[in-house]
Amino acid sequence: MTLPRTPSFRLDGRRALVTGGTRGIGLAAAVALAEAGAAVTIAARTAADIEAVVNEMAAAGFAAEGVALDITDSATVKVFVDDVDPFDILVNCAGTARHSDFGDITPDDYAAVMDVNLGATLFVSQAVVSRLVAAGKPGSIIHVSSQMGHVGGPRRAVYAASKHAVEGLTKAMAIELGPNNIRVNTVCPTFVETELTAKNLSDADFRNWVLSKIKLGRLGRVEDMMGPIVFLASDAAALITGTSLLVDGGWTAE
């Protein structure tokens with residue numbers, strides 16, 4: 001009798017690109033992938049922030065480097081990706097939000113959110129996938145979506161629309177890229193305590209409303225995202241593509 005063995009969660013020898021990797025969930029993703037053995041490249045807008053994170057990760061013994069990129073500039077992104085070895089793992093974490101009542105949404109709000117949350121996700125993925133296909137390599141593409149890609153919320157029409165679009169993009173990519181053994185999935189967090197959410201969550205009424213929707217009774221932490229991201233990047237998720245991993249404390253269970 002031969003016993004089955006759990007596929008490895010290790011990522012040794014693999015290269016990973018993390019957008020928005022200098023803070024919040026992006027930083028957690030970069031650290032988690034590096035802890036699992038991947039050589040991580042962090043992409044963000046601000047060179048000083050990248051340098052600080054890369055230095056801190058290097059001091060911890062992790063393989064990390066960074067690049068200052070405007071991920072909405074698809075031509076520049078493609079030039080960068082084409083000039084380096086292919087990335088085996090991509091975590092699209094960079095995102096933005098502009099919350100307002102539906103009647104107050106402006107064309108600028110729409111363009112700003114869609115350009116980052118959907119447009120950059122699509123075109124960064126396209127650049128990374130192109131290199132993987134040319135090299136005949138498998139890969140794992142992970143889009144950081146949101147529970148708002150599965151439900152709606154007050155004052156979040158554009159944000160929810162962008163994340164629902166990412167969920168559709170994920171399924172379409174999975175269908176096309178399956179024959180290349182390139183897997184595409186999303187992780188969908190609930191409200192996570194970060195610098196970006198601190199202002200909204202400081203409002204007692206809003207915080208209480210959020211907590212009332214999370215069945216586990218607490219807000220998310222960036223650490224809650226680290227295991228799911230490593231899992232989806234690893235061989236342990238080798239047959240998982242075109243789906244969403246909801247890390248929402250049960251928000252969408254109802």
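Buried means under 20% relative accessible area, exposed over 50%, and partly exposed in between, with a 1.4 Å probe and protein chains only.

## Basis

This is a predicted model in which local features need pLDDT of at least 70 and side-chain atom pairs count only at pLDDT 80 or more, while totals for chains, interfaces and linings use all residues. Residues are numbered from 1 along each chain as its sequence is written, and side-chain values use heavy atoms, with hydrogens and water left out.

## Salt bridges

A salt bridge is a side-chain nitrogen of Lys or Arg within 4 Å of a carboxyl oxygen of Asp or Glu. By this rule there are 14 salt bridges. Arg23, Asp49 and Glu195 form a network of them.

Glu193 pairs with Arg207 in a salt bridge, with the closest N and O atoms 3.2 Å apart. Glu193 sits in the loop between strand E6 (182-189) and helix H6 (198-201) and Arg207 in helix H7 (residues 204-213), so the pair ties together parts 14 residues apart in sequence. Helices (H or I, at least four residues) and strands (E, at least two) are DSSP runs, numbered from the N terminus. Arg207 is partly exposed at 29% relative accessibility, and Glu193 is partly exposed at 42%.

Another salt bridge joins Glu254 to Lys215, where the closest N and O atoms are 3.2 Å apart. Glu254 counts as exposed at 63% relative accessibility, whereas Lys215 is partly exposed at 42%.

## Gly139

Gly139 is in strand E5 (residues 139-144). Its relative accessibility is 10%, so Gly139 counts as buried.
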